Amino acid sequence: MSAPHPRVAPELIREHAPKLADLTDDVLFADVWERPELSPRDRSLVTVAALVALGRDAQLVGHLRRALANGLTTDELTEAITHLAFYAGWPAAMSAVGVLASVSAEPASQD
């Protein structure tokens with residue numbers, strides 16, 4: 001039996017859509033995010049790009065935190081967002097910069 005993996009899905013999701021929370025934890029983060037073909041850093045960059053392009057700012061917060069934890073720098077994320085402005089749209093990039101500024105201003109985690 002494999003070791004249990006941490007819960008990633010927020011409690012709000014777990015409370016109202018427990019199957020969605022289980023799939024988030026067991027499939028998305030315990031399987032897809034752990035596949036060796038892309039590093040966690042690369043997966044974070046791809047995920048952030050998709051969320052910026054789709055304007056999914058609520059999900060972007062957590063994934064920017066994860067991207068920083070996975071080794072991306074604020075400067076790299078800023079450059080990615082700037083690059084995305086030309087492909088995903090100016091409003092999406094402008095919103096994403098605000099989200100990144102908020103996440104970057106958070107105190108460093110003591111993990």
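Student: Which residues in α5 meet which residues in α6?

Tutor: From α5 you have T74, L77, T78, I81, A85, F86 and A88, and they meet W90, A92, A93, A96, V97, L100 and S104 in α6. Contact here means heavy atoms within 4.5 Å. One caveat: this is a predicted model, where local features need pLDDT of at least 70, side-chain atom pairs count only at pLDDT 80 or more, and totals for chains, interfaces and linings use all residues. Residues are numbered from 1 along each chain as its sequence is written, and side-chain values use heavy atoms, with hydrogens and water left out.

Student: Why are α5 and α6 called roughly antiparallel?

Tutor: They pack at an angle of about 165 degrees, with axes 7 Å apart. The label goes to angles over 145 degrees, while those under 35 are roughly parallel, 65 to 115 roughly perpendicular and the rest oblique. So α5 and α6 come out as roughly antiparallel. Their crossing is right-handed.

Student: What is the make-up of that contact by class?

Tutor: The contact of α5 with α6 has 11 nonpolar, three polar and no charged residues. Nonpolar covers Ala, Val, Leu, Ile, Met, Phe, Trp, Tyr, Cys and Pro, charged covers Asp, Glu, Lys and Arg, and the others, Gly among them, are polar.

Student: What makes α3 oblique to α5?

Tutor: Helix α3 (residues 40-54) and helix α5 (residues 74-88) pack at about 40 degrees, with their axes 10 Å apart. That angle makes α3 oblique to α5. α3 passes α5 in a right-handed crossing. On the α3 side the contact is made by R41, L45, V48, A49, V52 and A53, and on the α5 side by E76, L77, A80, I81, L84 and A88. Those residues divide into 10 nonpolar, no polar and two charged.

Student: How many helices and strands does the chain have?

Tutor: Six helices and zero strands, where helices are DSSP runs of H or I with at least four residues and strands are runs of E with at least two. Along the sequence that reads α-α-α-α-α-α.

Student: What is the volume of the largest pocket, and which residues are closest to its centre?

Tutor: The volume is about 430 Å³. Of its 14 lining residues, V8, P10, F29, Q59 and H63 are the closest to the centre. Lining residues have an atom within 4 Å of a grid point of the pocket.

Student: Which element gives the largest share of that lining?

Tutor: α4, with six residues. α2 (18-29) and α4 (57-69) are the elements that give two or more. By class, the lining holds eight nonpolar, four polar and two charged residues.

Notes. Axes are lines fitted to C-alpha atoms, for helices over the stretch in contact, and angles run from 0 to 180 degrees between N-to-C directions. A crossing is left-handed if the near helix is turned anticlockwise from the far one by less than a right angle, and right-handed if clockwise. On a 1 Å grid over the protein atoms alone, a cavity is a set of points where a 1.4 Å probe fits but cannot get out, and a pocket is an open set with protein on both sides within 12 Å along at least five of seven lines; lining residues have an atom within 4 Å of a point. Grid points are joined across faces, edges and corners, and a volume is the space filled by probe spheres set on the points.
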